[in-house]
Amino acid sequence: MTRRLLLLACSLCLLAGMVAAVPCDGDGDGTLTAPELATAILDSLDARYMGGTVAAPSLTDLQDAAFVYEHWDGRALTITDTSGRTTTLTRPLNRIALFNSDAIRMMRSIGLEPDRVVGVAKYVLEDPVFYPEYQEKANLGSVWSPDYEQTASVRPDAVFLYASVSETSCADIEKTLRAIDPAIHFFRIDSFRPAVYADEVRTLGLLLGKEEEAREFLAFHEDVTGTVADVVDTIPDEDRVPVYLETWNAYKSAGMGSGYDEKVWLAGGRNIFGENPVEYPVVDPEAVISRNPAVIIKIVGAGETTFGGYDDDDLASFESVLRSIENRPVWDRIKAVRDGRVHLIHSKIIGGPDYFIGTAYLAKWFYPDLFADLDPRAIHQRYLDEFQRLDYDLDDHGTFVYPA
Amino acid sequence: MLNSSIVTPKRALLLCILVVVLAAPAAAGSIERTITPQEGGLDITLTVNDIPVGGIVETLPEGCTWMGTDHPEDRTRVSGEKVAFAIIGEETITYQVQGPQDAAEAFAGTWEDLLTGDSGVVGLDEPGNPEQADATTPPSTPGFGCAAALAALAVLCSRRCGR
């Protein structure tokens, strides 16, 4: 019994020893104070430039300490991600692996330096027009087909996965990589769900030391979403425009609790299949006809409709899909078809972290009179210029909506 | 050692020009050095631009003696002709040296931004190669070159005007 207790105590001591300390925290009290940081800086300068022989921290420790002091008030940071998991950090994240290809856009919006990313999902590497600065990063595969060898080889200090997409696959990735390197931190964020979007931006801002950039980006985001909400919130539920939303596969709609259902609501519409308990139900064409939507929204850019976006300037495929919807048997009875209110929108601006551009388009399509002054294209261009920091002119390139 | 009587009108003009020209334009991650002649020595002001946490090492010219600084004592370390400053939120650091006023051109310094990893030469408005700062002569920079040219011009003008 005594031996067991001894073993337990030893184990606890070892565990306690494994809890990382804040670098350069001279007195070890868990808080890096200004005098402690100043001493560390002077010791380092002394050793490197002044011939001093005093024991100095490594440059890595010193830079990490500077980050912790400046961004986390000199203390360890404890954050809770979208999955509800709490993580404590004592150093900045500088070797980030991103299986969540949406998170990279959110991180770019708050100014994450690309050199802090060591690996990305394969989709990022397949899109050199939108992600030019990430083309030399390691290919981690995808959430569904991860490349563990490659991921381990880039020695990430953090791995970002989805919170509510492919949860089983993400759990498998986490389990496997944790077995390879127990020091890796795992974070689960979605980056595309409006309900948690602002919280995720703020969390990333704090986590990555980009608090001010996160505030600036959220001000822009809230300006757009607030402009729409101020108007649509005054519309009684029963007066909302009935909308049929179809994903990239024919007759596959969006049900209760899905991201697209939420986005239709945010834009002031009422999803005609919003009560369906299946997240993405395949619906009966007759059911669409009987529910007689005033607007039809078709998402393109994947599956059966892989065209458009940043690297496609040709609207011919948009026109073709629009005509095929209008020509579906008996769909000419649907109000949206009769009134010419069938719209196509690319998933790049409605399905991911750029969703607020898409909801601005939806709001304008749902209520053209109420949003006469809203200019979603200008919002899109500003987003690319100021937050994605891309040299990309929507006047010259890209196809995202049809008819515009 | 110089005293105030030695600061002639020509030299005063030259030093004033140096004060203006050595103050490089503000840019992200840079340190400007402004040198003002004082009785028996020089006042040196380092203006910190966008370096919230970092360090500076200044090398005093030969013949200059450290006198003191307004920077906190626990953020300053002096060793021979080298002076280290820890920057934690400060925007300016002023220190004084005793020595010849024409030593103003011979100060050298290097800085590090511990948040970005950038480093550079004091007096340049862009991050650069800090090894230049180890030279005992002023770094060969547009700022210094321009300062020297203007100073020479000022001396020439003042001589011609004096004729």
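This is a predicted model: local features need pLDDT of at least 70, side-chain atom pairs count only at pLDDT 80 or more; totals for chains, interfaces and linings use all residues.
1. Let's start where two helices of chain A touch. On one side, A:K263, A:V264 and A:L266 belong to α10(A), and they meet A:Y355, A:G358, A:T359 and A:L362 of α14(A).

2. The crossing of α10(A) and α14(A) is right-handed.

3. Helix α10(A) has another neighbour: a sheet. Five strands of chain A make up this open sheet, in the order β9-β8-β10-β11-β12, and the pairing is mixed. At the edges you'll find β9 (269-271) and β12 (401-402) of chain A, each of which pairs on one side only. α10(A) packs on this sheet by touching β8 (241-246) and β9 of chain A, and its direction makes about 150° with that of β9(A).

4. Stay with that sheet and look at one strand pair. Strand β10 (residues 295-300) of chain A runs parallel to strand β11 (residues 342-346) of chain A, and five bridges join them. For a landmark, find A:I297, which stands opposite A:H343 in β11(A). As background, strands of a sheet pair through backbone hydrogen bonds, either parallel or antiparallel.

5. Chain A has another open sheet, with five strands in the order β5-β4-β3-β6-β7, and here the pairing is parallel. Which strands stand at the edges, each with a single partner strand? They are β5 (138-139) and β7 (185-188) of chain A, so one side of each has no neighbour in the sheet. Strand β6 (residues 158-161) of chain A pairs with β7(A) in the parallel sense, over four bridges, and A:L161 sits opposite A:R188 in β7(A). Helix α7 (residues 167-180) of chain A lies across β6 and β7 of chain A, at about 165° to β6(A).

6. Next, the place where the chains meet. Chain A puts 17 residues into the contact and chain B puts in 15. On the chain A side, the elements giving two or more residues are α2 (34-49) and α3 (59-72) of chain A, and α2(A) gives the most, with nine residues. The side of chain A that touches chain B divides into 13 nonpolar residues, two polar and two charged.

7. Last stop: a hairpin in chain B. Strand β5 (residues 76-79) of chain B and strand β6 (residues 82-88) of chain B run antiparallel, joined by four bridges. B:R77 stands opposite B:A84 in β6(B). What sits between the strands of this hairpin? Two residues do, and B:G80 takes a positive phi near 60°.

Definitions and conventions: Residues are numbered from 1 along each chain as its sequence is written. Chains are lettered from A and ligands numbered from 1 in the order in which they are written. A crossing is left-handed if the near helix is turned anticlockwise from the far one by less than a right angle, and right-handed if clockwise. Two residues are in contact if their C-beta atoms, placed from the backbone, lie within 7 Å. Ala, Val, Leu, Ile, Met, Phe, Trp, Tyr, Cys and Pro count as nonpolar, Asp, Glu, Lys and Arg as charged, and the others, Gly among them, as polar. Two strands pair if DSSP finds at least two bridges between them. Axes are lines fitted to C-alpha atoms, for helices over the stretch in contact, and angles run from 0 to 180 degrees between N-to-C directions.
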